[in-house]
Amino acid sequence: RKTALNALYGLMQSADPIRVLVTGAAGQIAYSLLYSIAKGDVFGKDQPIILVLLDIPPMLPVLDGVVMELQDCALPLLREVIPTDKVEVGFKDLDAAILVGSMPRKEGMERKDLLKANVAIFKAQGAALEKYAKKTVRVLVVGNPANTNCLIASKSAPSIPKENFSCLTRLDHNRARSQVAMRCGVPADAVKNVIIWGNHSSTQYPDVHHAMVNVHGKEVEAYSAVKDDSWLKGDFISTVQLRGAAVIKARKLSSAMSAAKAICDHMRDWWFGTLDGEFMSMGVYAGGNSYGIPEDLIYSFPVHIKNKSWNIHDGLPVNDFSRAKMDATAAELVEERDTALSFLSQ
């Protein structure tokens, strides 16, 4: 056993560390996220990590506390922690960027005001990625409105491939998976191939027409396993769509533990790939999709991933019920995009 441990330690020593940025690093999602990244749950148990933590200047004292705690975890993979409020430090030579920080919606704030503030943030962060990060960087946008923020960041980093940008809809995917699992009385991993289509907003469409549930060792279609079509077409959809608001109402804080878990799932699948016969939901660039979704959007699709590259899972039949919901969320995204682009050009 000692020999095996020594061999593993030697391997860890020999692998070059990757640089991983988390923005909004003093916030509560990051607080739930950083430990999982630093201990190897995301990028692998033999991958050393340099964690770069970016936040706004008023949050730097809090960030110092987070750094102390990461140090106090005594994690063998964590080679260095760099707290900063400077983009030239934060975005330098990145392998992965997890953009959690954004302007939250304040009371009385119009949606377009929120968009305007976030366009400025993600334009600047896209430009910083363009200037300082590796061209192979993988970027996950979490801060809302995530799809449109992701599109703006991508447009502001023209030399980084569009395929390297994604936004988080894995939390919605996990919510949908869990709702079906609870309804069927099976563990969450017995449910596969749920889909979140569209925007990470209340217009998203959680779709289980192609989902499978393992019941007593046999895979059955979700509709057959649940045996309640009216729930699947009604309360199930609205529960997933409005789950974030329900958590805020109960906790007086937004989802952090579940959001952090979803970020880990998303990045781990992007790094290591999806299982054969399974697809996951990711907000990705819609160019070339086969589902009739407008091209110049970041839209959540079912994807499978291999060698750190995603492909939209093509060829799924779409019924009229699904078509209407897929188009409605696309229409919201087109409107968001057009509003955001009008701010971008100002």
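Residues 24 or more positions apart account for 72% of the contacts in the protein with a separation of 6 or more, where contact means heavy atoms within 4.5 Å. The structure is a predicted model, in which local features need pLDDT of at least 70 and side-chain atom pairs count only at pLDDT 80 or more, while totals for chains, interfaces and linings use all residues. Residues are numbered from 1 along each chain as its sequence is written, and side-chain values use heavy atoms, with hydrogens and water left out.

The protein has 13 helices and 14 strands; helices (H or I, at least four residues) and strands (E, at least two) are DSSP runs numbered from the N terminus. The C-alpha trace spans about 60 × 50 × 40 Å along its principal axes. A compact globule of 346 residues would have a radius of gyration near 20 Å, and the value of 20 Å for the protein agrees with this. The radius is taken over C-alpha atoms, and the globule rule is 2.2 Å times the number of residues to the power 0.38. Of the 346 residues, 51% count as buried, a class that means under 20% relative accessible area, with exposed over 50% and partly exposed in between (1.4 Å probe, protein chains only).

In soluble globular proteins, nonpolar side chains tend to be buried together. A nonpolar core is here a set of buried Ala, Val, Leu, Ile, Met, Phe, Trp, Tyr and Cys residues joined through side-chain atoms within 4.5 Å. The largest such core has 80 residues, and Val22, Ile37, Phe43, Leu51, Leu53, Ile98 and Phe301 have the most contacts inside it. Helix H12 (residues 257-272) gives the largest share of this core, eight residues. A second, separate core has 32 residues, among them Leu94, Ala97, Ile160 and Cys167. Not counting residues up to four places away in sequence, Ile98 touches Val20, Leu21, Val22, Thr23, Leu33, Ile37, Leu140, Val142, Ile263 and Met267.

Strand E2 (residues 49-54) pairs with strand E3 (residues 78-84) in the parallel sense over six bridges; two strands pair if DSSP finds at least two bridges between them. In this pairing Ile49 stands opposite Leu78 in E3. From E2 the chain crosses through helix H3 (residues 60-72) to E3 in a right-handed β-α-β crossover. Right-handed means that, with the strands pointing away from the viewer, the path from the first strand over the helix to the second runs clockwise.

Pro17 lies in the loop between helix H1 (2-14) and strand E1 (18-23) and is partly exposed, with a relative accessible area of 34%. Leaving aside residues up to four places away in sequence, Pro17 touches Gln47, Pro48, Ile49, Ile50 and Arg79. The C-alpha atoms of Pro17 and Arg79 are separated by 7.4 Å, although the two residues are 62 residues apart along the chain.

An unreviewed UniProt entry lists residues 169-343 for "domain: Lactate/malate dehydrogenase C-terminal". UniProt positions follow the numbering used here, feature names are shortened, and annotations may be inferred rather than shown by experiment. The span is 46% helix and 20% strand, and its end C-alpha atoms lie 25 Å apart. For "active site", the unreviewed entry lists His200. His200 is found in the loop between strand E8 (195-197) and strand E9 (205-207), and touches Asn144, Asn147, Leu168, Thr169 and Asp172, not counting residues up to four places away in sequence.

An open sheet of three strands has the order E7-E10-E11, with antiparallel pairing. Strand E7 (191-192) and strand E11 (218-221) stand at the edges with a single partner strand each, so one side of each is left without a neighbour in the sheet. Four antiparallel bridges pair strand E10 (residues 212-215) with E11, and Asn214 stands opposite Glu219 in E11.
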